[in-house]
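Colleague: I'm new to this one, so please take me through it one question at a time.

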Amino acid sequence: MIRSITSTLPTFKTLKFKSGLNILLAEKSPGATKRQSRNGAGKSSFVEIVHFLLGGKADSKSIFRSRALGDYAFTLDFDLSGEAVTVTRIGGIAKRSSGRSRPQSLIVNGDLSRWIPNGSLNNDYLLSNEQWKNVLARAWFGISDDDDGKALASEIKLPEASARSMFTYFVRRQSSAGFQSAIQCSNKQQPSNQKISLSFLLGLDWTITRRIEGVRARERIARQLEDAVRANEFSNVIRKSSDIRTELAISEAKSARTRKQLGDFEVIPQYHEFEQEASMLTREIEGLSSAQLLDLELVDSLRDSFREEGAPSDNDLIRLYAEAGVVLGPLIQRQIDDVRRFQAAILQNRTAQLKSEIESADERMAARKREVERLDSRRRQVMQILRSGGALDHYTALSEEAGRAEAHVQILRERLDQSERLESLEIELELQRHHLLKELIDDIRERSDLIKEAVIIFESLSESLYKKAGHLVVGESDNGPTFNLHIDGDRSKGINNMQIFCFDMTLMAIAKRRGLGPDFLIHDSHLFDGVDERQKAEAIEIGSAFSIEHKFQYIITMNSDDLPRNAFSPEFNVEPFIIKPYLLDNDTGCLFGIRF
């Protein structure tokens, strides 16, 4: 319970509270026109003071670091888990002797021995804001708030249950868009933080959500690995590891063969000269073979002519004369004999010439055969030399090919490793998701009594405000627990705000039953924007009765003309719950007593 808020600022309006319902009103100052707004009276500033004194940040944009307020202290007197405690804080920056600045320490008075071992003997403490946050975290939620995440691996930090986040459900801030959604207490709150905070407050195992976030973080790594694999493949299609493994086996064998060829390779200095000699020998052998073929054809032709050569026969001529009855005389007979001798001489000369030509051709072919054999023998020697090694540039080319083959093998090995890791990780993450979903389902079933109580409280509260009861549904999904609220007509701003009212009251009731959280709930006037008069009155009456039933303090800030005095039930008198002083809409009557 908050008892009071004070300040060393002389113009500050000291606020004193009591148990149960408290209404902090902003009134119109005397003579104020209808056009004057009370937005600067200090209603939301009161909420900011509570956060400032209970672990909130005070960065350079904070009003408590402004010139108007930076040198003044603010003090909160409240009960911390049954202990009377006062905390004082100054927003300004203190100067060290070294010239460096540092945030002002908080002065805390009270028995903090349950949360600070070996504490102060006289219950006076000088704490940093981080130390004070840890005290509040241990006192209200039994946790440490010194880190917002613990490392699962070097590159992954998992969200923890945050006392500051859970506290914000009990003291929502308009400056952080705290009245946009019931399940979201700030516009900067991550979905994982919502689920963890609400799981913690409603009694579910919040560590399941934490581990689900670990799976999601590893899934993001898997997607990055998948992108890397795609980039290596130069394609949107990711090949299976089995396909890559086959290609790798073939490439490794090719690389091994190339390396062996390179190892067996012998560089021959005159390799190109030997290549030229082998080419020249081949051309000479081909020329001799062509000439040999021509001589073979010539010999065949000469031998045919030799067989066809012979002396012409004169028997036909003699028979012809005999048949004609002509008797050849001695002179004619002698002439025939002379012709016979002449032809025989010609035939002898022709035969000798053909024989000589055949012998010459045979000698040429024999000489060519010997030359071909000599040349071929030399060519075999040269080719043997060429086969035994190669030129330096051949060796260099072979070496480059071996390098390319080995590089390709290495690339395939890396792709195979990535593909196997990706496939293994995807299977592992899928199994973990199924396992965690089952854990979550089992947890919701095992804690059904707490969930049922929350559902009934929310339904009862919403039914008191509207004809049809609203619903709080706690479910499960692959990404963790789900919390859904519904009241008929919940598209309107007023009904949405009453959802927040019912949900906050439900959280407070469950938290009080479990001994968690602060024993006060604060609702800024923005909660009632767009809410009908009757629902405003119902909500205030419900809040009053509910705070007494569940033993907590309920503080509302509101403009005086928004207070539905004529809509309350006859038995409810609102006046005793309005705290003094009223805040006014002028410079001196606002909470700080000054404008800045």
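Colleague: Which loop holds Lys551?

Modeller: This is a predicted model, where local features need pLDDT of at least 70, side-chain atom pairs count only at pLDDT 80 or more, and totals for chains, interfaces and linings use all residues. Residues are numbered from 1 along each chain as its sequence is written, and side-chain values use heavy atoms, with hydrogens and water left out. Helices (H or I, at least four residues) and strands (E, at least two) are DSSP runs, numbered from the N terminus. Lys551 is in the loop between H13 and S15.

Colleague: Does Lys551 count as buried or exposed?

Modeller: The cut-offs are under 20% relative accessible area for buried and over 50% for exposed, with partly exposed in between (1.4 Å probe, protein chains only). Lys551 has 67% relative accessibility, so the label is exposed.

Colleague: What is the phi of Lys551?

Modeller: Most residues other than glycine have a negative phi. Lys551 isn't a glycine, yet its phi is positive, near 60°.

Colleague: And Ala177, which also has a positive phi: is that residue buried or exposed?

Modeller: Ala177 has its phi near 55° and lies in the loop between H3 and helix H4 (191-202). Its relative accessible area is 18%, so Ala177 counts as buried.

Colleague: Which two residues does the cis peptide bond with omega of about 0° join?

Modeller: Most peptide bonds are trans. With omega at about 0°, the cis bond joins Lys580 and Pro581.

Colleague: How are the rings of Trp140 and Phe167 arranged?

Modeller: Rings of Phe, Tyr and Trp (its six-membered ring) pair if their centres lie within 6.5 Å; planes under 30 degrees apart are stacked, over 60 edge-to-face, and the rest tilted. The structure holds 17 such aromatic pairs. For Trp140 and Phe167, the centres are 5.2 Å apart and the planes at 0°, so the pair is stacked.

Colleague: How many residues along the sequence separate the parts tied together by Trp140 and Phe167?

Modeller: Both partners are buried, Trp140 at a relative accessible area of 4% and Phe167 at 2%. Trp140 belongs to helix H2 and Phe167 to helix H3 (residues 163-168), so the pair ties together parts whose separation in residues is 27.

Colleague: Which residues does Pro518 contact, leaving aside its neighbours within four places in sequence?

Modeller: Pro518 is in the loop between helix H12 (493-513) and S14, and it's buried, with a relative accessible area of 0%. Its C-alpha is 9.9 Å from that of Met166, though the two are 352 residues apart along the chain. Taking contact as heavy atoms within 4.5 Å, its partners are Trp140, Phe141, Phe167, Phe170, Met508 and Lys512.

Colleague: Which backbone oxygen does the side chain of Asn129 reach at 3.2 Å?

Modeller: Asn129 is in helix H2 (residues 129-141) and is buried, at a relative accessible area of 14%. A polar atom of its side chain lies 3.4 Å from the backbone oxygen of Gly56. At 3.2 Å, the oxygen reached is that of Gly55.

Colleague: How far apart in space are the C-alpha atoms of Ser525 and Asn559?

Modeller: Ser525 lies in the loop between strand S14 (520-523) and H13 and is buried, with a relative accessible area of 13%. Leaving aside neighbours within four places in sequence, Ser525 is in contact with Lys43, Thr557 and Met558. Asn559 is 34 residues away in sequence, but the C-alpha to C-alpha distance is 7.3 Å.

Colleague: How are H11 and H13 oriented to each other?

Modeller: Helix H11 (residues 448-465) and helix H13 (residues 533-549) pack at an angle of about 140°, their axes 9 Å apart. Axes are lines fitted to C-alpha atoms, for helices over the stretch in contact, and angles run from 0 to 180 degrees between N-to-C directions. Under 35 degrees is roughly parallel, over 145 roughly antiparallel, 65 to 115 roughly perpendicular, and the rest oblique. H11 and H13 are therefore oblique.

Colleague: Which residues of H11 make that contact with H13?

Modeller: From H13 come Arg534, Gln535, Glu538, Ala539, Ile542 and Phe546. From H11 come Ile457, Leu461, Ser464 and Leu465.

Colleague: What share of the chain's residues is buried?

Modeller: The chain has 13 helices and 16 strands. Out of its 596 residues, the buried share is 44%.

Notes:
A polar contact is a pair of N or O atoms within 3.5 Å; within protein, one must be able to donate a hydrogen and the other to accept it, and residues adjacent in sequence count only if both atoms are side-chain atoms.
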